[in-house]
Amino acid sequence: MRADRLIQVLLHLQSRPRVTAAELADALEVSVATARRDLEALSAAGVPVYPQPGRGGGWSLLGGARTDLTGLTAPEARALFLLAGPGTRSSDDARAALRKLVRALPATFRAEAEAAAAAVVVDRERWSAADRATPPAVEALQGAVVGRRRVRIDYTGATGRSSRRVVDPWGLVDKDGVWYLVAGTGRGPRTYRVDRVGALEVTDETAAVPDDLDLQAEWRRVVGEVEERRSATWATVLVAPEHVAVLRDQFGRHTRVEDSEGREDGGEDGGEDGGEDGGDAGMVRVRVAAPTPLDVARHLAGWGAQARVLGPPEVRAELARLGAELVAQHPMLLSSGQ
């Protein structure tokens with residue numbers, strides 16, 4: 001749900017005793033289904049928005065029509081701003097509306113609401129193809145971030161090894177369905193995948209959070225480091241134009257289509273003639289990247305003769321080694337012609 005529309009929905013509700021999804025859709029110029037989903041999202045987040053079925057029914061804020069938002073409790077205000085905060089990064093109108101919303105809250109709620117609005121970053125560029133449900137630890141970690149409470153977590157790393165860690169939660173990132181915790185530790189800032197968090201304890205200890213923390217900037221730094229590691233080895237491959245899309249599925253953003261002179265053209269479908277002379281006429285030259293030469297070779301080994309690796313030598317050597325291993329493991333396939 002877009003944050004600016006969420007605020008519009010709430011302000012529309014708090015100025016009327018009751019509103020139907022159809023009336024809200026007409027006012028906000030969205031579909032009835034979208035209006036209904038927005039209302040349900042507010043209700044599920046803990047904001048006191050309730051449906052009243054039957055003739056003359058509709059949706060209303062608990063307590064009836066109001067001209068301010070002082071009827072929200074502290075947990076309800078926090079829930080609202082956790083929803084609204086991430087969407088305001090890309091919308092000046094939403095930021096302005098959020099500031100007005102903060103001023104409408106009781107003074108005792110404002111600090112927590114502002115912390116909640118800054119507690120989550122939404123990053124739509126995914127690192128993996130699988131869709132995942134929101135991990136159960138997200139809600140508790142959101143509370144710890146807003147309340148500035150240190151947490152103890154059982155964490156399973158990428159190698160499968162589990163350990164108990166004590167961290168200061170700085171914020172959460174929703175990277176297109178995969179959640180990450182950005183936290184401070186004795187060794188500096190660290191990032192943890194929330195779906196690898198097991199047991200979690202929110203302590204009474206105050207978390208150490210930098211006064212000048214910019215969660216967006218910290219996440220950009222993390223993404224930069226990860227992308228650098230993921231693109232440490234680049235290889236140049238020749239494929240047919242119709243296979244460029246498959247390479248993009250395998251290597252994602254680490255795919256660069258080149259023109260006939262080896263310059264990246266940025267196209268989605270490949271160049272007209274990006275290949276070599278002779279038998280490679282009509283082939284497309286593509287650069288792909290992965291952390292190591294072996295990672296690149298593993299992706300390309302299944303292509304067989306449909307992809308020709310021009311370099312670097314390290315990737316070609318890994319492909320040759322993998323091929324030799326396959327021949328050694330399956331000699332009968334060669335001798336029988338199968």
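Mentor: Helices (H or I, at least four residues) and strands (E, at least two) are DSSP runs, numbered from the N terminus. Two strands pair if DSSP finds at least two bridges between them. This is a predicted model, in which local features need pLDDT of at least 70, side-chain atom pairs count only at pLDDT 80 or more, and totals for chains, interfaces and linings use all residues. Residues are numbered from 1 along each chain as its sequence is written, and side-chain values use heavy atoms, with hydrogens and water left out.

Trainee: What joins strand 4 to strand 5, and how many residues lie between them in the hairpin?

Mentor: Six bridges join strand 4 to strand 5 (residues 162–175), and the two run antiparallel. Five residues lie between the two strands of the hairpin, and Gly 160 in the turn has a positive phi of about 95 degrees.

Trainee: How do you know that strand 4 also pairs with strand 8?

Mentor: Five bridges join strand 4 (residues 149–156) to strand 8 (residues 197–206), and pairing requires at least two. These strands run antiparallel, and Arg 149 has Thr 206 of strand 8 as its bridge partner.

Trainee: What makes strand 10 and strand 12 edge strands?

Mentor: The open sheet of four strands has the order 10-11-9-12, with antiparallel pairing. Strand 10 (255–257) and strand 12 (308–311) each have a single partner strand, so one side of each is left without a neighbour in the sheet. Strand 12 is joined to strand 9 by three bridges, and Val 237 has Val 309 as its bridge partner there.

Trainee: Why are helix 9 and helix 10 called oblique?

Mentor: Helix 9 (residues 244–251) and helix 10 (residues 293–301) pack at about 135 degrees, with their axes 11 Å apart. Angles under 35 degrees count as roughly parallel, over 145 as roughly antiparallel, 65 to 115 as roughly perpendicular and the rest as oblique. The two helices are therefore oblique to each other. Their contact (heavy atoms within 4.5 Å) is made by Leu 247, Gln 250 and Phe 251 of helix 9 and Val 296, His 299 and Leu 300 of helix 10.

Trainee: Why does His 243 count as buried?

Mentor: Buried means under 20% relative accessible area, exposed over 50%, and partly exposed in between (1.4 Å probe, protein chains only). His 243 has 19% relative accessibility and therefore counts as buried. His 243 is found in the loop between strand 9 (233–239) and helix 9. Leaving aside neighbours within four places in sequence, His 243 is in contact with Trp 303 and Gln 306.

Conventions: Axes are lines fitted to C-alpha atoms, for helices over the stretch in contact, and angles run from 0 to 180 degrees between N-to-C directions.
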